Number of protein chains: 2
Amino acid sequence: MEAFMKSILPAGELNQFFINPESMVDADVDFTGTIYKIKNLGQFSFVHLSTLAGIFQSVITGECSLKEGSSIHVWGKVVTAKLKDKVLASKTIEIQISKWKTLSTHYESSPFDLTKPELNIHNDVLFDQRMISLRHPREKAIFKIQEALGEGFRRALRKRGCTELRTPKIVKEGAEGGANIFELNYFGQPAYLTQSPQFYKEFGVGIFERVFEIAPVFRAEKHNTSRHLNEYISVDAEIGNISSFEEVMAFETGVLKEVFEFLKLECSFELELLGISLKEFESIPSLTFKEVKVIVSREFGIHEENEPDLSPQEELKISEWALSQWGSDFLFVTHYPSEKRPFYAMDSEVNPEESLSFDLLYRGVEITTGGQRIHEYEAIVNKLKRRGMNPEHFEFFIKAHRYGLPPHGGFGLGLERLTQKIIGLESVKRCSLFPRDISRLSP
Amino acid sequence: MEAFMKSILPAGELNQFFINPESMVDADVDFTGTIYKIKNLGQFSFVHLSTLAGIFQSVITGECSLKEGSSIHVWGKVVTAKLKDKVLASKTIEIQISKWKTLSTHYESSPFDLTKPELNIHNDVLFDQRMISLRHPREKAIFKIQEALGEGFRRALRKRGCTELRTPKIVKEGAEGGANIFELNYFGQPAYLTQSPQFYKEFGVGIFERVFEIAPVFRAEKHNTSRHLNEYISVDAEIGNISSFEEVMAFETGVLKEVFEFLKLECSFELELLGISLKEFESIPSLTFKEVKVIVSREFGIHEENEPDLSPQEELKISEWALSQWGSDFLFVTHYPSEKRPFYAMDSEVNPEESLSFDLLYRGVEITTGGQRIHEYEAIVNKLKRRGMNPEHFEFFIKAHRYGLPPHGGFGLGLERLTQKIIGLESVKRCSLFPRDISRLSP
């Protein structure tokens, strides 16, 4: 019996080839990858290898007996090449393979051709076979973009002094209330899945002043639309010691600008593969809720003036209008009617029927709701009472107000919706790795 | 009606004072903060202001009528000072306040003194009043350390080519099985809260080769101990094209080394406040499960040789032994009996009763379980059959194997447990912002 010491092997580090493949011309390299595509040409074969740095073309002398889907360790030399295939990570090099070792074997072929430029399968098949369909380069690209968006938010928020929270997903009290909430049995007592970290991030303002969380939230909404998921990723930020709700909008604008810059830096390959171009922006135009109603009525003949919210059609049309007027993909809509906003929203002193809140529309769809919140104890108690709600039921929440909370506000953003609109996909479900809807719970 | 353009205000950016307070000596500054502590001395008052950059001492001429818990905007001059209070972010400067503006008012005092060096309240009070008790500097420090640990993992894993996943928390099939799973009604069908992202991260290996996720998992375990939470944060990584399970251990070792380096860099203030010193380490010693049994029997007289797992007492004792032998806070234990590991664990070819898996102990407690997984389709089908499990029930999982998976392995780490053992707290619950246990569901 001999105890042994494990040293830190270089195994975990990225192979030099992965870090800068183009710099490796003429070098002998070895690395591992999964065979994405094989093209047998008799005298030699092209083998496209999927690696941590993307898909690379390699060349094997003679017929290739390997199978797509298998993983191999290859040894070879990097040579220059002129390649056109869009999925290839490098169009200027390929690897001449001298030796290989099989790491895993192929058992059965994929039910659809993963090597076609586009998958072109029905969403039901796409989602039923998600562990396979996500292997297609275009599907993978969606989630590399989503990862970069999440990371971009985290970096921009941390840079601004926000502390990352990890708040509970099983809760006794929902933030939004209503029937759209999943219930579970928690050791004999009823509990719920959180619809929003709202209450917790307001607590967080009292603790860290600026906070954020990027985490799943759950909505038991029964509608099955292209803009809804029953489980989605919410990017939530809340900042204290603000002077107005406009400061929250300016904060979000600055964050989004950096998120887009990070995305372009991190995902240039994926953006090009999917044919996406993103507009530069320095600012985001803003209209009040009332202004939007006037414009959509006048310009588009949509007469929903008396509705206390914007319909999806109104959001779409006012976004088209903002694009034509200001060239902006984004539009803030402010001063939503108080009655349609949650009890914790701060109302305008000038006109209490209007809340100091906003939505952010992007390419026709609401991606964010935000605003200033009530921070004084007596004000929140009075608001609850005016709504016919019992402050005692919210004791756990307004306790934070009782012992002092700085003036604060924040926003929540749906990560899948932002991804969807950036890529231009028809359904938000395409932007969830394993989407959950009213009829889909697996895989 | 006039639409207006919002420009990006500097509001979101950190005030210059917050970026490098010590460099601001003699400068006129203004910033916002929350009053942490007031000491009236008649001719002048010390006001300790909690800000995004920590707590700073400021001085106001005369009696101070402000209240602890209120937020203010201050204007003043930065001057040098010699201060000793451990909670102060800077011991070399203070701010002479000339003017202030109240941003939020104090309504009622905290139920316990937040300005004492130690809170010293019972855990039940600590958790019941969590939105208040977390405002204590030592409680805050726990979660700044936890945030740095999470960020350290993310950086080390991204650097190694891992893609961040966001997998569903509502699932049809659990990864671990068993009774310890929360059930909910999902639009009329039974669903569960995920106990682990295991199946999804194995799918992820087939898609991105290396993946990770830092997200909540849920365990409906009825025991109420100092080492369990019913909702906790799991740091999960899974890497493909490995040659052995030792490669996974080496990978985790390298990651942990960087996590500790990042923690020291990011949280020097908090580590000092809590009196924590962390050992440097280059490698982690390793013992087999059988070796551990022999040692704890011989050295500590614990005779549980026939148990197929390690008891908490055995984990504690072998950790003490490893510390005395090698000076290491960490210890890998390998080759756990196959019968106690899940069906997807790969067994040793030499001795099929042993699995190619490991636990990582840190300061006496298991913080990680990991290992190599079965990647070949026929092998996983055979393992399921040997266990008397029906492969059809796992069709959604083993589909990934059927179409090819690289050899792979990974690990899962409990973020709260790591935080707990680093800080040396008696209960893991202290490391959950809003802990969930069998009797605690709120706040």
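**Exercise 1.** Determine how much area chain A and chain B bury between them.

*Solution.* In this predicted model, chain A and chain B bury about 11,300 Å² between them, and 61% of that area lies on carbon and sulfur atoms. Next, consider who takes part: chain A supplies 132 residues to the contact and chain B supplies 131 residues.

**Exercise 2.** State how many salt bridges the rule finds across the interface of chain A and chain B, and examine one of them.

*Solution.* The rule finds eight salt bridges across this interface. One pair is A:R158 with B:E151, whose closest N and O atoms are 3.8 Å apart. This pair counts because the cut-off for a side-chain nitrogen of Lys or Arg and a carboxyl oxygen of Asp or Glu is 4 Å. For polar contacts, the count between chain A and chain B is 34 residue pairs. On the side of chain A that touches chain B, helix α6 (residues 245-266) gives the most, with 11 residues. By class, that side of chain A has 61 nonpolar, 30 polar and 41 charged residues.

**Exercise 3.** Describe helix α8 (residues 289-300) of chain A: its span, its buried residues and what follows the helix.

*Solution.* 
1. The 12 residues of α8(A) reach 16 Å from first C-alpha to last, close to the 16 Å expected at 1.5 Å a residue.
2. The buried residues of α8(A) include A:F289, A:V292, A:I295 and A:V296, and also the charged A:E291 and A:K293.
3. Among the elements covering the buried residues of α8(A) are β13 (283-288), α9 (312-326) and β14 (330-334) of chain A.
4. After α8(A) comes A:G301, with a positive phi near 65°.

Notes
Residues numbered from 1 in each chain as written. Chains lettered and ligands numbered in written order. Predicted model: local features only at pLDDT ≥ 70, side-chain atom pairs only at ≥ 80, totals over all residues. Heavy atoms only, no water. Contact = heavy atoms within 4.5 Å. Buried area = accessible area lost by both parts, 1.4 Å probe. Polar contact = N/O pair within 3.5 Å; in protein donor to acceptor, adjacent residues only side chain to side chain. Helix = DSSP H or I, 4+ residues; strand = E, 2+ residues; numbered from the N terminus. Expected span 1.5 Å × (residues − 1). Buried < 20%, exposed > 50% of the residue type's maximum accessible area, 1.4 Å probe, protein only.
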